[in-house]
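Open the model in your viewer and keep the selection tool handy. We will walk from stop to stop, with a short note on what to select at each one.

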Amino acid sequence: MKEQPNIVLIMTDQQGADFFKSEGFPLDTMPFLESLNARGVRFTRAYTPMPTCGPARTSLFTGRFPKATRVRTNWTLHEAYYGKDLIGVLRSHGYSIYLSGKNHSCLLPEDFDFYSSYMHTTGGRPQYKTEQQRAFETWLENLHHRVSTEPTPFSLGCQFPVRIVDDAIECLKQSHSPFFLWLSFPEPHNPYQVPEPYFSLFPEEAIPRAGLDRKVLGIRVPTGGGCVA
């Protein structure tokens, strides 16, 4: 019998496709993602069925439009209507199901064999949090989903992307193939904050103004992108 492949679904939240250097953005802000683009297949006309997080994620896992799932807002996930979903199909083929990161879909914690959930200001498994990580989450809460104009006064180890990857690695050390891992980052969704050395990586005057000004600068703004809510 042919060995079934392991699957890792990497998702970012609210990331604009036009901020990639390969799409014409003047700064190389995401070299690691660019390297994935260079080694894989890039879908330049991938569209989300709904520019809202919960409905879009529910559609991704069910293969149904929001009008069919009946999930049209972030607050109606419990009303999701569907037959089979991706998780159920994979499980029926012997897959273990893991999540490390942001869920915010119709899926429930009990749908996963490993569940380490993060949102935008808190997350992870409480029993494994350090005092520094708890303090960081309190600091995030106090931003009220806005922007920090100063470098984040916490180490990289407190940042959610680092913790999400650490949780995923710890899970995979004890996993059994085949597995499906949903590696789901809440960033770059607000609140907007960044520690050093990244805060000072690009001088403010080198960063193009947002919105329509990028078109004026001659930066190509794609009609679609591979990143959805």
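## Stop one: helix α6

Start with α6: its 14 residues should span 20 Å at 1.5 Å a residue, and this agrees with its end C-alpha atoms, which are 20 Å apart. The expected span is 1.5 Å times one less than the number of residues. Helices (H or I, at least four residues) and strands (E, at least two) are DSSP runs, numbered from the N terminus.

Before moving on, a word on the model: it is predicted, so local features need pLDDT of at least 70 and side-chain atom pairs count only at pLDDT 80 or more, while totals for chains, interfaces and linings use all residues. Residues are numbered from 1 along each chain as its sequence is written, and side-chain values use heavy atoms, with hydrogens and water left out.

Now select Phe160, Arg163, Ile164, Asp167, Ala168 and Cys171, which are buried in α6. Buried means under 20% relative accessible area, exposed means over 50%, and partly exposed is in between (1.4 Å probe, protein chains only). Look down the axis of α6: the buried residues fall within an arc of 135°, so they line one face of the helix. That arc is taken from the directions from the helix axis to the C-beta atoms. An α-helix has 3.6 residues a turn, so residues three or four places apart point the same way.

What do the buried residues of α6 pack against? Show β2 (96-101), β3 (114-117), α5 and β4 (179-188), and you have their packing partners. Contact here means heavy atoms within 4.5 Å.

## Stop two: aromatic rings

Rings of Phe, Tyr and Trp (its six-membered ring) pair if their centres lie within 6.5 Å; planes under 30 degrees apart count as stacked, over 60 as edge-to-face and the rest as tilted. By this rule there are nine aromatic pairs. In the pair of Phe136 and Phe160, the ring centres are 5.8 Å apart and the planes are at 85°, so the pair is edge-to-face.

Next, show Arg70 and Tyr81: Arg70 lies over the face of Tyr81, 4.1 Å from the ring centre. A charge sits over a ring if NZ of Lys or CZ of Arg is within 6 Å of the ring centre and within 35 degrees of the ring normal.

## Stop three: salt bridges

Side chains of opposite charge can pair when their charged atoms come close. A salt bridge is a side-chain nitrogen of Lys or Arg within 4 Å of a carboxyl oxygen of Asp or Glu, and the structure holds nine of them.

Return to Arg163 and select Glu137 with it: they form a salt bridge, with the closest N and O atoms 2.7 Å apart. Arg163 lies in helix α6 and Glu137 in helix α5, so the pair ties together parts that are 26 residues apart in sequence. Arg163 is buried at a relative accessible area of 4%, and Glu137 is buried at 7%.

Then pick Asp13 and Arg57, whose side chains meet in a salt bridge (3.8 Å, N to O). This pair links distant parts of the chain, with Asp13 in strand β1 (residues 7-13) and Arg57 in helix α2, 44 residues apart. Is Asp13 buried or exposed? Asp13 counts as buried, at 2% relative accessibility, and Arg57 is buried at 0%.

Move to Glu23 and Arg42, another salt bridge, where the closest N and O atoms are 3.4 Å apart. Glu23 is buried at 6%, while Arg42 is partly exposed at 29%. The charged end of Arg42 also sits over the ring of Phe20, 4.9 Å from its centre.

## Last stop: backbone

Most residues other than glycine have a negative phi, and most peptide bonds are trans. Select Ser177 and Pro178, which are joined by a cis peptide bond with omega about 0°. Finish at His145, a residue other than glycine with a positive phi near 60°, found in the loop between α5 and α6.
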